[in-house]
Amino acid sequence: GARGAHIGRAVVVRASWQVALGLLAGIICSMIWYAVLFSGRVNLRFAQPDVLVPVAAILTIVILIACAVPAVRAARMNPGSVLRAE
């Protein structure tokens with residue numbers, strides 16, 4: 001059986017990959033949307049890192065905390081009692 005730390009780490013690592021892929025897709029889509037929406041404007045920049053970076057950082061922190069809480073709960077449970085309950 002896996003120890004609690006292994007279970008928590010496995011959940012957070014899997015969530016980290018999903019967060020990274022989601023953020024990458026979101027940033028790419030927002031840059032495309034920004035380019036399409038504001039293509040005729042002269043004084044606007046293509047991508048605004050001063051907006052994208054803080055939003056991505058906040059989303060990453062919130063999502064990883066949301067994944068870590070159930071991982072910690074799962075790590076604390078006794079596998080025998082979980083199997084008996086099923």
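Let's start at Tyr34, which is found in helix α1; helices here are DSSP runs of H or I with at least four residues, strands are runs of E with at least two, and both are numbered from the N terminus. Tyr34 is buried, with a relative accessible area of 16%, where buried means under 20%, exposed means over 50% and partly exposed is in between, using a 1.4 Å probe and protein chains only. Its C-alpha atom is separated by 9.3 Å from that of Gln48, 14 residues apart along the chain.

Before going further, a word on what you're looking at. This is a predicted model, in which local features need pLDDT of at least 70 and side-chain atom pairs count only at pLDDT 80 or more, while totals for chains, interfaces and linings use all residues. Residues are numbered from 1 along each chain as its sequence is written, and side-chain values use heavy atoms, leaving out hydrogens and water.

Stepping back, the protein has three helices and zero strands, so to read it along the sequence is to follow α-α-α. Of its 86 residues, 8% are buried.

Now for the helix pair. Two packed helices are described by the angle between their axes and the distance between the axes. Helix α1 covers residues 4–37 and helix α2 residues 49–76, and their axes come within 9 Å and cross at roughly 155°. Axes are lines fitted to C-alpha atoms, for helices over the stretch in contact, with angles from 0 to 180 degrees between N-to-C directions. That makes α1 roughly antiparallel to α2, a label for angles over 145 degrees. The crossing is right-handed, meaning that the near helix is turned clockwise from the far one by less than a right angle.

Which residues meet? On the α1 side they include Ile7, Val11, Leu23, Ile27 and Met31, and on the α2 side Leu52, Leu59, Ile63 and Cys67 are among them, with contact meaning heavy atoms within 4.5 Å. The residues of this contact divide into 18 nonpolar, five polar and no charged; Ala, Val, Leu, Ile, Met, Phe, Trp, Tyr, Cys and Pro count as nonpolar, Asp, Glu, Lys and Arg as charged, and the others, Gly among them, as polar.

Two more residues are worth a look. Met31, in helix α1, is partly exposed at 26% relative accessible area, and its C-alpha atom is separated by 9.4 Å from that of Leu52, 21 residues apart along the chain. Pro49 lies in helix α2 and is partly exposed too, with a relative accessible area of 45%. Pro49 and Ile27 are 22 residues apart in sequence and 9.9 Å apart in space, C-alpha to C-alpha.

Key: Angles under 35 degrees count as roughly parallel, over 145 as roughly antiparallel, 65 to 115 as roughly perpendicular and the rest as oblique.
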